[in-house]
Amino acid sequence: MADQAIQVKDFRKLYGDFVAVDGISFSVEIGEIFGLLGPNGAGKTSTLECLEGLREPTAGSLDVLGLDPSRDGRKLRNIVGVQLQTSGLPANMSVAEAMRFFCAYHGVAPRYDLLDRLGLAAKHDARYADLSTGLQRRLALALAVAHQPQVLFLDEPTAGLDVESRAELHALIQELQAQGTTIILATHDMAEAEKMADRVAILLRGRLVATGTPRELTATGEGFTKVSVRTEQSLLSSNGTMFPAVHQRSVMDDYTVYYSRDPGPTVSAILGYLSERNDKLIDLRVERPSLEERFLEITALGQTSATAPGQSGATAPLGAGTGKGGTA
Amino acid sequence: MTALVHHFRYEFRTGLRDATLLLMNYLFPLGFYAMMGLVMVQINPGFKEAMIPAMVVLAAMASALLGLPGPLVESREAGIYRSYRINGVPAVSILLMPALTTGFHILIVSGIIALTANPLFGGVVPANWGSFALVTLLTVFSFAGLGCLIGVVAHDARAVVLLSQLIFLPSTLLGGMMMPLDILPQTVRPVSLLLPASHAMQAFHGFAYGLETVTNPLLSALALGASGLIALVLAIYLFNWDSRNDVRRGHPLMALLALAPYVVVIVAQL
């Protein structure tokens, strides 16, 4: 408990008869980057907004740094930072004014250095309404971290950002984590989650269908590891030899590509085969299934087999779990 | 304290930077004042006596009823209050700061009117400047409270216009600004006395000018203060952070309680 920043137990959120979140439980450790993934309408934003104290949970318990977000909202404000998916600032408020305004309410000195770092150096006097969407999101992020929160909620933080800004944002997130900040990252961007998150949870129709590290989740699916080989004599592409655990083989450009269930034996066998025939290896690439592929696999299974939220019955199993990862 | 100073400064500047607010805070009331000074005084010389209080009440109505509520609703709809909430800006500040700065803008315009009406248009100056200042403050407080309440209970921008005009238009016609209350037909008088403008005019006439009044000016002044206070308390109570969140305390019709002090005055007059 002491090393947990967030605890969610049997959390449900209903809007009228619509079940947005249906009894989920998870915890986030202090200093962790926790990715909350799911398609539109999965319940990510409802979960975040209840954790942030913007909405009241219908049932279950939420705990953020020992506080109940719906009861201890005021205490929570100075120890959490939030970048909302949909929010705004007054059209006439300038960038520097916004920094002064919110820092004053947090009781800290304005962090103009953050504005400069997030590419807003030349925009201190620009009105919020005159900023591009990307710059508005950068400003929202700067405001979210200006008071050095212990827990940071980021809802689609890189939506609308260019490549450079995304890289800067990722660097900032990692820097914050290194300083001990716990970060909850809700995103559609699987590559971002795979790169940034220590652990991820996948929500589908309000239910938690998988949790684990990105590596654990990708290891538990039906996806195959792609082993691409290029040699001097191209023996592999010409004779159609198959190797252990290989499910499928194809030839692309100068590469022979094997889809393997177990890449270790496959690679060993390929190297042995080439060595025996004196065919020199030029390039060997081993690519595990990405989190995106695993996510699509889980959501596809979920769309066809999950019971609709609000009805009785359990969610169908979605892949086998091993270790920390697996179904929830 | 620093936060409140920053908030006040921001809201005050917004009252000048935002084109709509600039229009409602300064251009419309001062333009209307100039027009009335140039035209109405020629048509009806008796208007000189009511000119200063009438134009002060109009300035208060323009700023507080036509200017103040709109941005409150727009901010709620645009999710700005969500940003405020997650950054610890309390609801009381969100409502009181615009009300306070709107009050300052009204006081500036009132000062301009009070100081220039006589030299420019021959407007009659108050016999008692102290009472004039006090009634002006009460009027500003009352209308600012109502403006906040309209901004809180109005569901959208169209509802703001409707609710604001529901008070603004009858007030200009029946509020004793264009024609004295005592010449209104008896059947219309109760409607007139439901309007804060009527009580503001009665209080100005009774306290600042020492004129005969239809109502007891003390009752009218008390009604103005009580209505403003009830409106502000109700606005804070009914405040909703989020237009997407239907959970709100109390029914919007509770806003009608802000008119209760005027009903009391009507009953007392009977």
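1. How many cavities of 30 Å³ or more does the structure hold? The structure holds 3 of them. A cavity here is a set of points, on a 1 Å grid over the protein atoms alone, where a 1.4 Å probe fits but cannot get out. Grid points are joined across faces, edges and corners, and a volume is the space filled by probe spheres set on the points.

2. The model is predicted: local features need pLDDT of at least 70, side-chain atom pairs count only at pLDDT 80 or more, and totals for chains, interfaces and linings use all residues. Residues are numbered from 1 along each chain as its sequence is written, chains are lettered from A and ligands numbered from 1 in the order in which they are written, and side-chain values use heavy atoms, with hydrogens and water left out.

3. On the interface, 22 residues of chain A are in contact with 25 residues of chain B (contact means heavy atoms within 4.5 Å). The two chains bury about 2400 Å² between them, and 54% of that is on carbon and sulfur atoms. Buried area is the accessible area (1.4 Å probe) that two parts lose on being put together, summed over both.

4. Between chain B and chain A there are 3 salt bridges, a salt bridge being a side-chain nitrogen of Lys or Arg within 4 Å of a carboxyl oxygen of Asp or Glu. A:Glu97 and B:Arg17 meet through their side chains in a salt bridge, at 3.0 Å from N to O.

5. Which helices of chain B each supply at least two residues of the side that touches chain A? They are helix H1 (2-17) and helix H5 (80-86). H1(B) gives the most to this side, with 8 residues. Helices are DSSP runs (H or I, at least four residues), numbered from the N terminus. By class, the side of chain B that touches chain A has 9 nonpolar, 9 polar and 7 charged residues. Ala, Val, Leu, Ile, Met, Phe, Trp, Tyr, Cys and Pro count as nonpolar, Asp, Glu, Lys and Arg as charged, and the others, Gly among them, as polar.

6. The largest cavity holds about 70 Å³ of space. Its lining has residues from both chains: A:Glu97, A:Arg100 and A:Phe101, with B:His6, B:Arg9, B:Tyr10 and B:Arg13. Helix H3 (95-106) of chain A and H1 of chain B are the elements that give two or more residues to this lining. H1(B) gives the most, with 4 residues. The lining divides into 2 nonpolar, 1 polar and 4 charged residues.

7. The second largest cavity has a volume of about 40 Å³. Among the residues that line this cavity are A:Gln83, A:Leu118, A:Arg137, A:Arg138 and A:Leu141. Helix H5 (133-145) and helix H6 (163-178) of chain A give two or more residues to the lining, and H5(A) gives the most, with 3. By class, the lining has 5 nonpolar, 2 polar and 2 charged residues.

8. The second largest pocket holds about 670 Å³ of space. A pocket is an open set of grid points with protein on both sides within 12 Å along at least five of seven lines, and lining residues have an atom within 4 Å of a point. Of its 36 lining residues, the closest to the centre are B:Leu21, B:Gly70, B:Pro71, B:Leu72 and B:Glu74. The lining has 19 nonpolar, 14 polar and 3 charged residues.
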